[in-house]
Amino acid sequence: RAKNRDGGRAGEPAASPDPLSSLKEYFGHPGFREGQEAVVRTLLAGRSALAVFPTGAGKSLCYQLPALLLPGLTVVISPLIALMKDQVDALRTRGIAAARIDSSLDLEQTLEVYDSLRRHELRLLYLAPERLLSAKFLERLESVPLAMLAVDEAHCISEWGHNFRPEYLRIARVAERLRVPRVLALTATATPEVAEEIARQFHIGAE
């Protein structure tokens with residue numbers, strides 16, 4: 001069974017609530033990169049956030065660290081299977097209970113993840129946006145305490161952008177249905193108009 005590094009179940013908060021000490025403990029970093037701490041503290045305060053960071057600037061830490069400090073499951077939406085696999089492998093290496101569900105898994109592997117989900121053993125679950133089209137899968141998520149929804153490549157929600165993906169429009173509705181307490185939208189590129197649309201769809205800054 002997958003467990004958290006501190007031995008607790010995913011519904012329990014991690015041992016250390018301090019972001020900086022947890023950053024050092026789990027990821028071995030002496031400090032935050034520019035912009036990361038503000039995003040992390042916004043999420044820990046219970047508010048949603050939009051993070052527009054260049055590629056390689058450490059967007060993933062903005063949801064991975066809060067996922068260890070908040071009670072419940074963090075769901076990460078990404079259209080990039082290779083990225084999901086790399087991040088899950090890296091998190092598991094650090095002793096963090098993470099899993100992914102995508103088209104590269106066989107039935108047995110997928111059922112294994114479902115079992116971990118049902119037992120509330122996961123801290124992070126990575127999904128392709130298409131997975132949210134499944135009513136049966138959403139029923140599974142409804143039975144799990146959720147801490148956060150992190151949406152990578154969030155600019156794909158914009159109908160005016162050249163990377164528009166219709167399934168991304170559904171994510172905001174799913175977040176409302178699941179009553180997700182906070183959303184983190186992440187992108188490396190967003191015009192002011194696209195950033196405004198992302199914020200509007202996910203009610204970021206509306207508190």
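Six strands make up an open sheet with parallel pairing, in the order S1-S6-S5-S2-S4-S3; two strands pair if DSSP finds at least two bridges between them. The model is predicted: local features need pLDDT of at least 70, side-chain atom pairs count only at pLDDT 80 or more, and totals for chains, interfaces and linings use all residues. Residues are numbered from 1 along each chain as its sequence is written, and side-chain values use heavy atoms, with hydrogens and water left out.

- Strand S1 (49-52) and strand S3 (98-101) are the edge strands, each pairing on one side only.
- On average, neighbouring strands of this sheet are turned by 20° against each other, direction ignored; axes are lines fitted to C-alpha atoms, for helices over the stretch in contact, and angles run from 0 to 180 degrees between N-to-C directions.
- S1 runs parallel to strand S6 (residues 183-187) and is joined to S6 by four bridges.
- Leu50 has Ala185 in S6 opposite.

**Overall make-up**
- The protein has eight helices and six strands; helices (H or I, at least four residues) and strands (E, at least two) are DSSP runs, numbered from the N terminus.
- Along the sequence, the pattern is α-α-β-α-β-α-β-α-β-α-β-α-β-α.
- Buried residues make up 51% of the 207 in the protein; buried means under 20% relative accessible area, exposed over 50%, and partly exposed in between (1.4 Å probe, protein chains only).
- Among contacts in the protein with a separation of 6 or more, 73% are between residues 24 or more positions apart; contact means heavy atoms within 4.5 Å.

**Helices**
- Helix H1 (residues 19-27) has Pro19, Ser22, Leu23, Tyr26 and Phe27 buried.
- These residues lie on the same side of H1, because they cover an arc of only 110° around the axis; the arc is that of the directions from the helix axis to the C-beta atoms.
- The buried residues of H1 pack against helix H2 (36-44), helix H3 (61-69) and helix H4 (81-93).
- Gly28, with a positive phi near 75°, follows H1.
- H3 lies across strand S2 (73-77), strand S4 (124-127), strand S5 (146-151) and S6, and runs at about 140° to S4.

**Thr74**
- Thr74 belongs to strand S2 and counts as buried because its relative accessibility is 0%.
- Leaving out residues up to four places away in sequence, Thr74 touches Ala67, Arg123, Leu124, Leu125, Ala147 and Met148.
- Thr74 and Val183 are 109 residues apart along the chain, and their C-alpha atoms are separated by 9.7 Å.
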